[in-house]
Amino acid sequence: MTDKNEDILLVAHAVHFAARHHIDQRRKGERAEPYMNHLSEVASLLAEATGGASPALVAAGYLHDVVEDCEVTPAELRAEFGGAITDLVAEVTDDNSLNKTERKRREVDKAPHLSIPAKMLKLADKTSNLRSIRHSPPSGWSRERMQEYVTWANDIVAGCRGTNAKLEAAFDDAKKALDAHLRAH
Ligand code: ZN
């Protein structure tokens with residue numbers, strides 16, 4: 001088996017693992033898109049930004065919310081995907097025992113100290129979230145609440161810059177489009 005075969009097996013396994021565990025989850029937006037669409041968008045952004053050079057990062061893109069949002073333990077993830085991917089997912093997993101305000105503050109504080117792949121994951125994740133808010137705003141969110149989200153995402157991204165120009169440009173485009181949309185509505 002070649003390395004390329006193994007890369008395809010890894011990514012296919014990650015896609016299927018994520019799809020199975022997020023099966024009943026939907027996005028908060030008015031279209032209630034399947035959660036899997038968020039994961040495939042993040043994974044695609046990472047694949048494109050690295051020119052396909054990092055299958056483990058693409059796999060982590062699919063898996064990044066599986067511990068935080070599903071009943072998957074780090075031990076289970078480690079058994080399926082090994083230590084490197086599990087450690088990367090752990091870096092971008094929030095501590096759900098903290099209250100929301102504290103969790104959000106920590107995410108900003110932690111960003112500059114993340115590894116390069118974890119910073120890339122954050123950039124792709126926040127880009128996907130800003131695009132979703134524009135195309136399918138979460139029901140019940142006021143303009144102010146969306147604006148607050150943009151500011152918070154931008155603070156996290158500020159700690160992740162200098163990592164990957166394509167991902168940073170994708171975030172900036174998504175932010176610019178959402179800012180214009182919020183100004184117009
Ligand atoms: Zn996510």
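Predicted model: local features only at pLDDT ≥ 70, side-chain atom pairs only at ≥ 80, totals over all residues.
Show the side chains and you'll find E102 and R106 joined in a salt bridge, with the closest N and O atoms 3.3 Å apart. E102 has 22% relative accessibility, so it counts as partly exposed. R106 is partly exposed as well, at 38%.

Next, stay in helix α7 and select R105 and D109, another pair four residues apart, about one turn of the helix. Their side chains meet in a salt bridge too, at 3.0 Å from N to O. R105 comes out as partly exposed at 45% relative accessibility, and D109 is partly exposed with a relative accessible area of 41%.

Before moving on, select E102, R105, R106 and D109 together: these residues are linked in a network of salt bridges.

Now for a stop that leaves the helix. Which residue does E107 meet in a salt bridge? Select K122: its side chain and that of E107 come together at 2.8 Å, N to O. K122 lies in helix α8 (residues 116-135) and E107 in helix α7, so this pair ties together parts that are 15 residues apart in sequence. Are these two buried or exposed? K122 is buried at 6% relative accessibility, and E107 is buried with a relative accessible area of 7%; the cut-off for buried is under 20%.

Technical notes:
Residues numbered from 1 in each chain as written. Heavy atoms only, no water. Salt bridge = Lys/Arg side-chain N within 4 Å of Asp/Glu carboxyl O. Buried < 20%, exposed > 50% of the residue type's maximum accessible area, 1.4 Å probe, protein only. Helix = DSSP H or I, 4+ residues; strand = E, 2+ residues; numbered from the N terminus.
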